[in-house]
Amino acid sequence: MSTERFLARAGWPGARRLPLAGDASGRRYERVSGGGHSVVLMESGEVPIGPFLAIARWLREEGIHAPAVLAADELQGLALLEDLGDGLLPSAIEGGASEAELYEAVLALVLHMQARPAPSFLPPLDAPALLAQLDLFLEFAVPLVPAGEAEAFRAAWRAPLEAACSGPQVFVHRDFHAMNLLWLPRETGLGRLGVIDFQDAFCGPAAYDVVSLLQDARRDVAPAVVRAFLQAYAERRPVADHDAFAASLAILGAQRAMRILGVFARLERRGRTGYASLVPRVRRHLDANLLHPALAGIRAWCERHLATERAPDRPAAGTSAGTS
C-alpha cells in the first residue's frame with residue numbers, strides 16, 4: 001500500500017502535504033492538512049514503528065501528552081499522528097514565555113514519568129548498553145585511536161557506568177530536550193507539554209533524562225534555571241545519596257556528550273553537515289562533566305586523544321549545584 005492509499009484509507013485523500021523538520025535518524029515527517037484541520041504523517045523508513053506505537057500508548061495511558069495515533073501501518077512504517085503544532089519550547093521562550101516557568105512544568109512531567117513503573121517491554125539502558133553506545137565515539141570522533149587505546153577507553157568507562165546505573169530504574173525518554181517538547185498553553189496540567197520523538201526509550205537510571213534536558217545540545221539553559229530545576233528535583237524526588245546522584249549526572253552527561261559527538265561525526269561523514277555548529281556546545285558539556293573525580297580516568301584518556309576545547313572552569317549542569 002502506497003503512502004497515498006494509506007492517507008486515503010485514513011480519511012485524508014488528496015490532502016496537502018508539507019515537510020516538517022526531521023531529526024538525525026531516517027524518519028521523515030509531513031504535515032497533512034485539509035478542511036481546516038491537520039495531522040502529522042510519520043514515515044519511519046527502515047526503523048520498525050512498533051516501539052513508537054507501544055510507547056505512545058503507554059505514555060497516554062499514564063496521562064502524558066504524547067500525540068494520539070490516528071492510524072498506522074506497521075509493515076510500511078507509516079503512522080498518522082495528532083498534530084501538536086509548532087510550539088516547541090525554544091520557540092515558546094523566544095515568543096516571550098518564561099524559561100523558568102516552562103522548565104518548572106517540565107520538572108513536573110519528569111517527576112510524573114519517573115514515578116510510574118517503566119513498561120516491561122522497554123530494553124534496559126544499563127552499563128553494557130551505555131558502553132556499547134560509545135563505539136560511535138570511537139569509530140567516528142576519534143577514528144585513528146589504536147586498538148589498545150580503544151580498549152583502555154572501554155576499561156576506564158566500566159566502573160563509572162556501573163556506578164551511574166546502580167540506582168532506581170525508570171522510564172528514560174533518551175532524547176529528552178527542549179526540541180522534543182511542545183508548549184500547549186491552552187491545555188491544563190501535564191497536558192500543557194506535548195512529548196515527541198520517544199521511540200528510542202529505555203528503562204534506565206533516573207539521572208539520564210535530567211542531564212539530557214539540562215545539557216541540551218541545541219540550546220544553552222540559563223544557569224539559574226538549571227540550579228532551580230536540580231534543587232526542586234532533589235526536594236521532590238529524594239535520593240539516598242546526593243553525592244552519588246551528582247556523580248551519575250556527570251557520568252551520564254559525559255557518556256551522552258560522547259555519543260552525540262559520535263553521531264554528529266558520522267552524519268558529517270555522510271554529508272549532513274548541519275550539526276557541526278552544535279559540536280562546540282557538546283564539547284563544553286563534555287569537558288565540564290570530565291571535571292568530576294569519578295571520571296578522572298576518562299579525562300586523562302581524552303587529554304591524550306581528543307583535541308582540546310576548553311570549557312568554563314565550573315561544573316556542568318547537574319554535576320553538583322542543587323543536588324544536595
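**Close-up views of a predicted model**

**View 1. Packing of helices H8 and H9.** In this predicted model, helix H8 (residues 207-214) packs against helix H9 (residues 223-236) at an angle of about 165°, and their axes are 11 Å apart. H8 is therefore roughly antiparallel to H9. The crossing in which H8 passes H9 is right-handed. From H8, Val 210, Leu 213 and Leu 214 meet Val 226, Phe 229, Leu 230 and Tyr 233 of H9. The residues of this contact are seven nonpolar, no polar and no charged.

**View 2. The largest nonpolar core.** This core, the largest, has 96 residues. Leu 59, Leu 89, Trp 157 and Met 258 have the most contacts inside it. Helix H10 (residues 242-269) gives the most to this core, with 15 residues. Another core lies apart from it and has 10 residues, among them Phe 6, Trp 12, Val 39 and Ala 71.

**View 3. Surroundings of Leu 59.** With neighbours within four places in sequence left aside, Leu 59 is in contact with Ile 64, Ala 66, Met 113, Phe 171 and Phe 198.

**View 4. Ala 66 in its loop.** Ala 66 is placed in the loop between helix H2 (50-61) and strand E4 (69-73). Ala 66 has a relative accessible area of 0%, so it is buried. Leaving aside neighbours within four places in sequence, Ala 66 is in contact with Ala 56, Leu 59, Arg 60, Glu 82, Val 195 and Phe 198. Gly 148 is 82 residues from Ala 66 along the chain, and the C-alpha atoms of the two are separated by 45 Å.

Conventions. Residues are numbered from 1 along each chain as its sequence is written. This is a predicted model: local features need pLDDT of at least 70, side-chain atom pairs count only at pLDDT 80 or more; totals for chains, interfaces and linings use all residues. Side-chain values use heavy atoms; hydrogens and water are left out. A nonpolar core is a set of buried Ala, Val, Leu, Ile, Met, Phe, Trp, Tyr and Cys residues joined through side-chain atoms within 4.5 Å. Buried means under 20% relative accessible area, exposed over 50%, partly exposed in between (1.4 Å probe, protein chains only). Helices (H or I, at least four residues) and strands (E, at least two) are DSSP runs, numbered from the N terminus. Contact means heavy atoms within 4.5 Å. Axes are lines fitted to C-alpha atoms, for helices over the stretch in contact, and angles run from 0 to 180 degrees between N-to-C directions. Angles under 35 degrees count as roughly parallel, over 145 as roughly antiparallel, 65 to 115 as roughly perpendicular and the rest as oblique. A crossing is left-handed if the near helix is turned anticlockwise from the far one by less than a right angle, and right-handed if clockwise. Ala, Val, Leu, Ile, Met, Phe, Trp, Tyr, Cys and Pro count as nonpolar, Asp, Glu, Lys and Arg as charged, and the others, Gly among them, as polar.
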